[in-house]
Amino acid sequence: MRRYHVTTFGCQMNDHDSERIRGLLESSGLGEASSPADADVIVFNTCTIREKADGRFLQHLMHARALKQRDPSKRIVVGGCWSESMKDTLFEEHPFVDFAFGPGSISRLGDYLQAGGTLPEGHFSTFDEFAGDLPANRERPHQGWLQISQGCNSVCSYCIVPSVRGREQSRPWQVLIDEAERLVADGVCELTLLGQNVNSYGRDLPVSDRRSFAELITRLDAIERLARVRYTSPHPKDMRGDVIEALAASRTACAHMHLPLQSGSSTVLKRMRRTYDAARYLALVERIRAAMPRIALTTDIIVGFPGETDADFADTLAVYEAVGYDHAFTFIYSPRRGTEAATMAEQVPDDVKHARLEALVAVVQRHARERNAALVGSHQQVLVEGPSRTDPSTARGRSDGNKTVIFSPPRPAGSLVDVVIESATSQTLRGTVAATILA
Ligand code: 5AD
Ligand code: SF4
């Protein structure tokens, strides 16, 4: 049997796409290999969000080239966002690549395999279909992804995603409901809604079929055996009253929201084209917390955006302190080809960027420690993911607020348990099972 190996880079959308890529490969009769060296078809699902992502992938690609030099029958396939962003020069620069496609053209890989790997060379990059409509090979039986939209209509000046994933397109309402019900019937109890901008869902649908993100959150509650709904990522500009109300009233929506801030400086936010300023963001957080007092908030922050001054960076730290996030992903600004910010004057020197990142990470860690410490003594609802990697007398899971919880006695993956938290670090909570909610 011919065998494949898929390496995935980037975000949860790519993890989801890779499940579909595996599904396609398997329906073409290939079996999974444990490493690229053992595979006949070596697939990469790439990311290009920052320069680092490109660099990491290129190392893997060079390794694959060496494997192919030793065994020329191997095929190298490159999909995803880097592939899309490089479509004009990919085959010229990397002639050993056999087939390439963008994130909206995954099914072309199926055509390529059906044709026995003999399709004419070329890059496939039109938007053909939602990956969610393709067969899946799911990795985690209890956790499922539901792709609700594709692409992004925002014009954030630093971001390459709109140019590689295209305009926003929502999947039809009934398709989503049917898929959610199918996943739950198949054993999924935690569903993660995926989109580049989840809370603008539905605005592009024909009027007769137009439903909103708020309506979707409400509707999912009616699926009886569905225990939890997560969503990533919402945009602050679309976090309107109806969405907050729906989330607050929902039985299934988790008490966690990832709400990208990007910068706490209103002048930087303006140049980023985020369409909100610091005061509006803080007012939004207040509304969210008023409706959902227990909610865990996490965020994304970029330091060193062009023209960011010490005072701008101080504003970011001030917003961080004011919100008191549970956690944050912190990034050094990375100029991306074709984006508006890449050509802005006043790029910030590397040493300044690194110093700011370090200062921000210290604040992030302190808040994470404090927010977690405040949970000692509380009860957390935990979805069990499996045995702990280091200590078999304990198991690992995630709380409603998306924190890793290590607890004893161990319970099988997929159960939902109530855990009393006994200790905490900035990374994890530890505790003891008090009750089983769902076996
Ligand atoms: N440089 C650094 N970080 C970026 N992000 C997006 N584009 C860039 C860039 N050019 C970050 C944003 C986004 C997250 C997924 O990646 O914070 O929310
Ligand atoms: Fe995901 Fe963006 Fe990376 Fe594409 S470029 S894989 S959308 S993070």
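A residue counts as buried when its relative accessible area is under 20%. Glu190, at 4% relative accessibility, therefore counts as buried. Please keep in mind as you read that this is a predicted model. The briefing below walks through the surroundings of ligand 1, then a phenylalanine, Phe96, in a loop, and then a selection from the 25 salt bridges that a search of the whole structure finds.

**Around ligand 1**

- Let's start with the shell: the residues around ligand 1 are Ile49, Arg50, Tyr158, Gln262, Asp300, Ile302, Phe331, Ile332, Tyr333, Ser334 and Arg336.
- By residue class, this shell divides into 6 nonpolar, 2 polar and 3 charged residues.
- Two strands, β13 (296-303) and β14 (327-332), each supply at least two residues of the shell around ligand 1.
- Asp300 brings a polar side-chain atom to 2.6 Å from an oxygen atom of ligand 1.
- Tyr158 takes part through its backbone, with an N or O atom 3.0 Å from a nitrogen atom of the ligand.
- Ser334 also takes part through its backbone, where a polar atom is 2.8 Å from a nitrogen atom of ligand 1.
- How much of the accessible area of ligand 1 does the protein cover? The protein covers 86% of the 400 Å² that the ligand has on its own.

**Phe96 in its loop**

- Phe96 sits in the loop between α4 (90-93) and β5 (99-101).
- Is Phe96 buried or exposed? With a relative accessible area of 13%, Phe96 is buried, because that value is under the 20% cut-off.
- Leaving aside residues up to four places away in sequence, Phe96 touches Leu61, Met62, Arg65, Lys68 and Ile76.
- Phe96 and Ile49 are 24 Å apart in space, C-alpha to C-alpha, and 47 residues apart in sequence.

**Salt bridge Arg22–Glu32**

- As a general point, side chains of opposite charge can pair when their charged atoms come close.
- The side chains of Arg22 and Glu32 meet in a salt bridge, at 3.5 Å from N to O.
- Arg22 belongs to helix α1 (residues 12-27) and Glu32 to strand β2 (residues 31-32), so this pair ties together parts that are 10 residues apart in sequence.
- Arg22 is buried, with a relative accessible area of 8%, whereas Glu32 counts as partly exposed at 40% relative accessibility.

**Salt bridge Glu190–Arg230**

- Here we return to Glu190, which forms a salt bridge with Arg230, the closest N and O atoms being 3.4 Å apart.
- The pair links distant parts of the chain, 40 residues apart, with Glu190 in strand β10 (residues 190-194) and Arg230 in strand β11 (residues 228-232).
- Glu190 counts as buried at 4% relative accessibility, and Arg230 counts as buried at 9%.

**Salt bridge Asp310–Arg356**

- Asp310 forms a salt bridge with Arg356, and their closest N and O atoms are 2.9 Å apart.
- Because Asp310 lies in helix α12 (residues 310-323) and Arg356 in helix α13 (residues 350-373), the pair ties together parts that are 46 residues apart in sequence.
- Asp310 is exposed, with a relative accessible area of 61%, while Arg356 counts as buried at 6% relative accessibility.

**A salt-bridge network**

- Which residues are linked in a network of salt bridges? They include Arg20, Arg171 and Glu179.

Key: Residues are numbered from 1 along each chain as its sequence is written. Chains are lettered from A and ligands numbered from 1 in the order in which they are written. This is a predicted model: local features need pLDDT of at least 70, side-chain atom pairs count only at pLDDT 80 or more; totals for chains, interfaces and linings use all residues. Side-chain values use heavy atoms; hydrogens and water are left out. A residue is near a molecule or strand if one of its heavy atoms lies within 4 Å of it. A polar contact is a pair of N or O atoms within 3.5 Å; within protein, one must be able to donate a hydrogen and the other to accept it, and residues adjacent in sequence count only if both atoms are side-chain atoms. Accessible areas come from the Shrake-Rupley method with a 1.4 Å probe; for residues, only the protein chains shown count as cover. Helices (H or I, at least four residues) and strands (E, at least two) are DSSP runs, numbered from the N terminus. Ala, Val, Leu, Ile, Met, Phe, Trp, Tyr, Cys and Pro count as nonpolar, Asp, Glu, Lys and Arg as charged, and the others, Gly among them, as polar. Buried means under 20% relative accessible area, exposed over 50%, partly exposed in between (1.4 Å probe, protein chains only). Contact means heavy atoms within 4.5 Å. A salt bridge is a side-chain nitrogen of Lys or Arg within 4 Å of a carboxyl oxygen of Asp or Glu.
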